[in-house]
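This briefing goes through a structure topic by topic, for a reader who has the sequence and the coordinates at hand. Please read it alongside the view below.

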Amino acid sequence: MTGLSTILIVVGLFLAGGVYSFSKQGMPRGVIVLLAGASFMCLVAGVLRIQGIWE
């Protein structure tokens, strides 16, 4: 596992926690969707780097 992959996965999980927290607080749906998209992209990029598909 490379350093960048680890950072991408950690940031993705951090953003996923933000999505959960913001949804509990009743934040606007646009903010929640934006965070969910960013979280998904970080997690996918981290996993693709681990698999060696995206270098």
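How many residues does α2 have, and how far does α2 reach from its first C-alpha to its last? In this predicted model, α2 has 23 residues and reaches 33 Å between those two atoms, close to the 33 Å expected at 1.5 Å a residue.

**Helix α1**
- Helix α1 covers residues 3-25, and because 23 residues at 1.5 Å a residue should span 33 Å, the 33 Å between its end C-alpha atoms agrees with that expectation.
- The buried residues in α1 are Ser-5, Leu-8, Gly-12, Leu-15, Gly-18 and Val-19, and the buried residues of this helix pack against α2.
- After α1 comes Gly-26, which has a positive phi, near 80°.

**Helix α2**
- Within α2, the buried residues are Ile-32, Leu-35, Ser-39, Cys-42, Ala-45 and Gly-46, and the buried residues of this helix pack in turn against α1.
- An α-helix has 3.6 residues a turn, so residues three or four places apart point the same way.
- After α2 comes Gly-52, which also has a positive phi, near 85°.

**Nonpolar surface patch**
- Phe-40, Met-41, Val-44, Leu-48 and Ile-53 make a nonpolar surface patch of about 510 Å².
- Leu-48, one of the residues of that patch, lies in helix α2, which covers residues 29-51.
- Leu-48 counts as partly exposed because its relative accessibility is 30%, and the partly exposed class lies between the under 20% of buried residues and the over 50% of exposed ones.

Terms used. Residues numbered from 1 in each chain as written. Predicted model: local features only at pLDDT ≥ 70, side-chain atom pairs only at ≥ 80, totals over all residues. Heavy atoms only, no water. Patch = residues over 30% accessible without salt bridge, like charges linked within 9 Å, V, L, I, M, F, W, Y side chains within 5 Å. Areas by Shrake-Rupley, 256 points an atom, 1.4 Å probe, with all protein chains shown as cover. Salt bridge = Lys/Arg side-chain N within 4 Å of Asp/Glu carboxyl O. Helix = DSSP H or I, 4+ residues; strand = E, 2+ residues; numbered from the N terminus. Buried < 20%, exposed > 50% of the residue type's maximum accessible area, 1.4 Å probe, protein only. Expected span 1.5 Å × (residues − 1). Contact = heavy atoms within 4.5 Å.
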